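Open the model in your viewer and follow the stops below. Each one says what to select and what to look for.

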Amino acid sequence: MFGAVHSVRVPASADALLALAREFTPRVEACGPCTVLLDLHGLARAWPQPAALGRALVDAARARGLDDPRVALAFSRVAARLLAAGREGLTVASAGQEAQLLAPLPLDLLGLAPERADLFRRWGLRTLGDLAGLPGGGLAARLGPEGPRLRRLARGEDDAPLVPTLPPERFECALELDWPVEGLEPLAFLLARVLEPLGQTLAARARRAAALTLELRLVDRSVHRRTLKPAAPTALARTWRTLLLLDLETHPPRDAVQAITVRAEPTPSRSVQFSLLDPAQPSPERLAETLARLQEWTAAGRGGSAALVDTHRPGAFAVETFSPAPFAAAAGEHPAAPRLGLRAFRPPRPARVSVAAGAPVFVTAAGVRGAVVDRAGPWRASGDWWDVAWSREEWDVAVAGSGVYRIFRDRLRDEWFVEGELD
Amino acid sequence: MSSPAATVKAALEDLLRHRRLHADGPPLRGEDLRPRPLATGVREVDGLLGGGLPRGQVSEVHGPASSGRTALAVSIVARTTRSGALAAWVDTADRFDPAGAAEAGVDLRRLLWLRGGAPETAGLGRAVSAVGTLLGSGLFEVVVLDLVGQGGEARRLPGATWIRLQRQIERQPTALVLLGDAHLAHGPSGASIALRALCARWSGAPGPGRLLQGLHVEARSGRQLSRAARFELVASS
């Protein structure tokens, strides 16, 4: 048997109806904000009479502040739901009585699409009984499979199973200590005790933790809270323990620890189809752990993968979080000959350049000094006139007794710089 | 000529070796358990080294300014990242040029770039520690430690530093490449490549419109740097 509790007004709390239903059975299904369905199988021991069970539901609903609860018990889900929505008070439908009780109820309760409701209105159908009384074959001929389905619903016939609405998942584990602990070493051991069950719970639900919050209640009653978001979600307790310890090394609690709570932010587990023919991909867990160990570089924005920026401004780039995408063969051919690279000076080094006949003949800058023995240029470039304008005149110069350098004259400031060494 | 079945079998065995799927099993017939060298992408240098840089060893590439040290290291990284593996560049002086590297074929998404030069990342001790972390992870096929311009400070590092890194890397299929101005250190079977610029190639006579087209370089390796090879580095267009 199924039950339905319907509230005419939307309850103040979204979970109020679900909480009420879960007092009776864990198998409950939310049907919109105002109705909840209950699977009442197995409750006959506690309430031998369905009417008594119905009254208990009404009393519980009133106790939870619902003014005029509508409760219906029936042998199909749809009948219980429609009777609760359409009839006031308590309705108990015995087996075979559903169609009779549903017949006077308005057709709108089926939640029809506007064009379908309009069609039925033009056919002169007003109640569920009107629809239930039509021949199934005729409805199928006019509406296709949808017609007989609606007719069955109007008769309270429904063989679809109840789809339970699960309570929100909380991935949390706590440990209250008898004696406060100080230092990272004992804490490492205790972290393993809370992280391992948490990891097992996550794995059992096919989840990983995208972020983990560690709360340490200290002896001075304050809470030391740290939230970590690794490069890749993981459910491995060992990885989380390492990440937390690395973080606590740099952000230690100021007092002894009295209680530990870890809370995970779950994310669906990844499913990756590996290939025998492609290169092995790095383990996300190990990558996250490695990046955490390099935190002093990555946190300061000094570590990651370089990304080119869509601009002509020389030397423009961005540093992004290092998260290599799944391998795909690189487009284009590998350059046949090795390319001369630039060892950039950041920022470019100010230089004093002697010029003769419009060409540089002597360069002096930090680490670079000598006569120019050969040169190529000038090559002019400019851009960003709408923002921070730049305009430059570039030369590649071979400096006697040194190397080949790229120098440029800032045409807006009329100053020379060494951009880098060609190596 | 071998049959198609034999070709397929050989390819599969090669794949299994490469993926290390039978690491605990007995050697396959005719299997060479020595790790394959890491090709540099420069034919002449690979010929000089007998196939490329040895894995599981500290190798070094050194030379004066504009001798092609960076170009050779970028070529190694380009070849590595384009094959799908990961590379790391520990840039102690923040001199790496991403645009030039991308033009040389580096897949920047597969290159972890650690930039020194800022107060929070200054000091070779930190860079060496980061290299240790990178090698310990086993994720990277090649790690470049760029020490160009840091010769004095690099020589003041404890001598055990390089031994420790060599011990850390020797059981891994990773190559650690030290870039420097002069010889610094290399593993017992690691390569030491000394580079020297020969001459620059320019387009035409001096004057407007002239371009730097390339740089001829000589690489020397082996005991007493007795073996030499010459190649050209092409300037970016």
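Colour chain B by pLDDT to begin. This is a predicted model. Chain B averages a pLDDT of 87, and 91% of the residues score at least 70. For the model, ipTM is 0.86 and pTM is 0.70.

**Stop 1: the contact between the chains**

Show both chains and select the residues in contact. Chain B gives 60 residues and chain A gives 49 residues. On the side of chain B that touches chain A, the elements giving two or more residues include helix 1 (4-19), helix 5 (124-137) and strand 6 (192-202) of chain B. Which element of chain B provides the largest share of that side? Helix 3 of chain B does, with eight residues.

**Stop 2: helix 3 of chain B**

Select residues 69-82 of chain B. The helix has 14 residues, and at 1.5 Å a residue it should span 20 Å. Its end C-alpha atoms are 20 Å apart, so expectation and model agree. Is this helix enclosed or open? Of the 14 residues of helix 3 of chain B, 13 are buried, so the rest of the structure largely encloses this helix. Move on to B:Gly84, which follows helix 3 of chain B and has a positive phi, near 100°.

**Stop 3: strands across the contact**

Select strand 10 (residues 303-308) of chain A together with strand 3 of chain B. These two run antiparallel and are joined by two bridges. Pick A:Gly304; its bridge partner in strand 3 of chain B is B:Trp113.

**Stop 4: strand 17 of chain A**

Go to residues 415-422 of chain A. Seven of the eight residues of strand 17 of chain A are buried, so this strand is largely enclosed by the rest of the structure. Strand 12 (residues 342-356) of chain A pairs with strand 17 of chain A, antiparallel, over six bridges. There, A:Ala344 stands opposite A:Gly420. Strand 16 (residues 404-410) of chain A also pairs with strand 17 of chain A, antiparallel, over seven bridges. Here A:Asp410 stands opposite A:Glu415. Strands 16 and 17 of chain A form a hairpin with four residues between them. In the turn, look for A:Asp414, with a positive phi of about 55°.

**Stop 5: A:Thr242**

Finish in helix 10 (residues 237-250) of chain A, where A:Thr242 lies. A:Thr242 counts as partly exposed because it has 18 C-beta neighbours inside 10 Å.

Note on methods: Residues numbered from 1 in each chain as written. Chains lettered and ligands numbered in written order. Predicted model: local features only at pLDDT ≥ 70, side-chain atom pairs only at ≥ 80, totals over all residues. Expected span 1.5 Å × (residues − 1). Buried ≥ 20, exposed ≤ 12 C-beta atoms within 10 Å, placed from the backbone. pLDDT = per-residue confidence, 0-100. Pairing = 2+ DSSP bridges. Contact = placed C-beta atoms within 7 Å.
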